[in-house]
Amino acid sequence: MKIYLDDQCDDPEYPNRLTPDGWVGAKNFIEFKATIERAIASGELIEAMDFDNDLGEGEMEGNKILDWVAEEYPDLVLGGAEIKIHSANSVARRGMEQQLESYRRNEELLRASHQERHPQGYARK
């Protein structure tokens, strides 16, 4: 599965933001989380994720969603899935790229933090 996070992923007025063929679109954290959890529960491999940052008024931003993925499913950010960031907000995009680099540089800490919060781990078939 490939997951495309963008609040305009199904808006025909923004054709350059539409969910690419072969990807599953998610407009916000609730949809993104449900998509990841459904894939994990069914044993479906998450091959890639592509993040926007600015998801609209009152919505969790993409950088916080990336944090959530790192905390809950560290394997995905540590190389288990290809991660792209397509945010038009260049400052946010660079910040998310730095987040990702930091997770990968600090793999042991990320895994230890996850294990502390989730001693039973999570099932990934």
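**Stop one: the aromatic rings**

Select W68 and Y73: both of them are buried, where buried means under 20% relative accessible area, exposed over 50% and partly exposed in between (1.4 Å probe, protein chains only). Before going on, note that this is a predicted model, in which local features need pLDDT of at least 70, side-chain atom pairs count only at pLDDT 80 or more, and totals for chains, interfaces and linings use all residues. Residues are numbered from 1 along each chain as its sequence is written, and side-chain values use heavy atoms, with hydrogens and water left out.

Back to the rings. A search of the whole structure turns up four aromatic pairs. Rings of Phe, Tyr and Trp (its six-membered ring) pair if their centres lie within 6.5 Å; planes under 30 degrees apart count as stacked, over 60 as edge-to-face and the rest as tilted.

Now pick F32 and F51. Their ring centres are 5.5 Å apart and the planes sit at 45°, so this pair is tilted. It joins distant parts of the chain, 19 residues apart: F32 belongs to helix α1 (residues 29-42) and F51 to strand β3 (residues 48-51). Helices (H or I, at least four residues) and strands (E, at least two) are DSSP runs, numbered from the N terminus. Are F32 and F51 buried or exposed? Both are buried.

Return to W68 and Y73, which make an edge-to-face pair, with 5.7 Å from centre to centre and 75° between the planes.

**Stop two: helices side by side**

Show α1 together with helix α2 (residues 62-72). They pack at an angle of about 25°, with their axes 11 Å apart; axes are lines fitted to C-alpha atoms, for helices over the stretch in contact, and angles run from 0 to 180 degrees between N-to-C directions. The two helices are therefore roughly parallel to each other (under 35 degrees; over 145 is roughly antiparallel, 65 to 115 roughly perpendicular and the rest oblique). Which residues make the contact? From α1 come F29, F32, K33, I36 and E37, and from α2 come I65, W68 and V69. Contact here means heavy atoms within 4.5 Å.

α2 and α4 pack at about 15°, with their axes 10 Å apart, and that makes α2 roughly parallel to α4. Select G62, N63, L66, D67 and A70 on α2 and M96, Q99 and Y103 on α4 to see the residues that make this contact.

Stay on A70 for a moment: A70 is buried, with a relative accessible area of 1%. Beyond residues up to four places away in sequence, A70 touches V77, Y103 and L110.

Jump to D6, in the loop between β1 (2-5) and β2 (24-26). D6 counts as buried, at 0% relative accessibility. A polar atom of its side chain lies 2.8 Å from the backbone nitrogen of Q8. Leaving out residues up to four places away, D6 touches R17, A26, K27, D52, L55 and H86.

Finish at A92 in helix α4 (residues 90-105), which is buried with a relative accessible area of 14%. Apart from neighbours within four places in sequence, A92 is in contact with N53 and S87.

Conventions. Polar contact = N/O pair within 3.5 Å; in protein donor to acceptor, adjacent residues only side chain to side chain.
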